[in-house]
Structures are given as structure tokens and as C-alpha cells.
Amino acid sequence: MKPAYCRTLLLLIITPALLNAQWVLQTSDAKVALNGVAFVDSTTLVAVGDSGTILRSTDGGSNWSAVPSPSHKNLHAVSFNLNTGDGFAVGDSVICHTTDGGAAWTDTTVAAVCRTVANGVPLYRIVCVGMQDGRLLISEDDGGGWKEETLTGGPVISVAVRYGP
């Protein structure tokens, strides 16, 4: 009986805090659509958007500044390895890579539209990119080399990387 009482008490303490949590609208000076956002660490975020737009905030999203982009192509998604600051932004026939938490970027041209990206698992260097044409690009060395897997059923709109049993 005591464990059930403790769980109920914990639920009564946590629930009001969750119900009072609010979204706060953040603005930027971006003149284009922003399509993806990801945390680099507890206070640094990167947003990506059309025309190669990359914005970075180092104060939890209160203020944003433009980062020079290596591409003018639309960027659709961004993901970071929270332990290393390595990140990838993907878009219209381009994969952009950063090794410094989004302050500087390089790009690689690919043959199709990239829709989604996942990385960020501690101690691993695997990156997975979902393509509009139903392919996956997989790198096991932080984007140094890519292998291709073909899926069926249309565009890949979401990917996740999981390790363990």
C-alpha cells in the first residue's frame, strides 16, 4: 500500500508543474521559413530553413544570430550529437556538417532531397539521413563516408538511431 501512496503523492506534486508549463513564442529576424531546430547543449540551439538559412542561439532561444551557411539550398532538418557538438543539417540535395556546435559549417552535395537526419547517440559516430526518394544514407564515421540503403514505400520522413538490445 505504501508504494502506491508514494506514486500518487509524486504524481500530485509533478502534475501541477507539468500543467503550468507553457510555450513561449521566440522570434527571429529570419525572412524565410524555418524548418528544423535542435539543441546542441542545454543552452545552445540551431535552427535551419529555406535558402540555406542557419540561425544559432546560445541563450536558450531568447536571441538568435545568423551563421554563414555553405549552401543556399533549402534545409529541412538538423540534428546534433549532444556529447561532441557534431551536427548535420540536411536539405535539397545537400548535407551540411559542423564539428563546433553549429558555429561553422561545410557541405556535401548529394543526388536527392534529404528530409530528415538523426545522430547524437553518445560514443557512436553513426548518422542516418532519410531521403525524399525512399533511400537512407548511413555514415558510421560522422559523415566521412556514406552507404546507401533502399527502402520501399515512398519518402523517408523520419529517422531515429537506437543502440542496445
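Me: Which residue's side chain meets Arg135 in a salt bridge at 2.9 Å, N to O?
Reply: Asp133 does; the side chains of Asp133 and Arg135 form a salt bridge at 2.9 Å, N to O. Bear in mind that this is a predicted model.

Me: Is Arg135 buried or exposed?
Reply: Arg135 counts as buried, at 14% relative accessibility.

Me: And how exposed is Asp133?
Reply: Asp133 is partly exposed, with a relative accessible area of 42%.

Me: What about the salt bridge between Arg135 and Glu148, what is the N to O distance there?
Reply: The side chains of Arg135 and Glu148 meet at 2.7 Å, N to O. Arg135 lies in strand E9 (residues 135-139) and Glu148 in strand E10 (residues 147-150), so this pair ties together parts that are 13 residues apart in sequence.

Me: Is Glu148 buried or partly exposed?
Reply: Glu148 is partly exposed; its relative accessible area is 44%.

Me: Which residues are linked in a network of salt bridges?
Reply: Asp133, Arg135 and Glu148 are linked in one.

Me: Switching topic. How many salt bridges does a search of the whole structure find?
Reply: The search finds 3.

Me: Which residue does Lys147 form a salt bridge with?
Reply: Lys147 pairs with Glu140, and their closest N and O atoms are 3.4 Å apart.

Me: Where do those two stand, exposed or buried?
Reply: Glu140 counts as exposed, at 53% relative accessibility. Lys147 counts as partly exposed, at 41%.

Note on methods: Residues are numbered from 1 along each chain as its sequence is written. This is a predicted model: local features need pLDDT of at least 70, side-chain atom pairs count only at pLDDT 80 or more; totals for chains, interfaces and linings use all residues. Side-chain values use heavy atoms; hydrogens and water are left out. A salt bridge is a side-chain nitrogen of Lys or Arg within 4 Å of a carboxyl oxygen of Asp or Glu. Buried means under 20% relative accessible area, exposed over 50%, partly exposed in between (1.4 Å probe, protein chains only). Helices (H or I, at least four residues) and strands (E, at least two) are DSSP runs, numbered from the N terminus.
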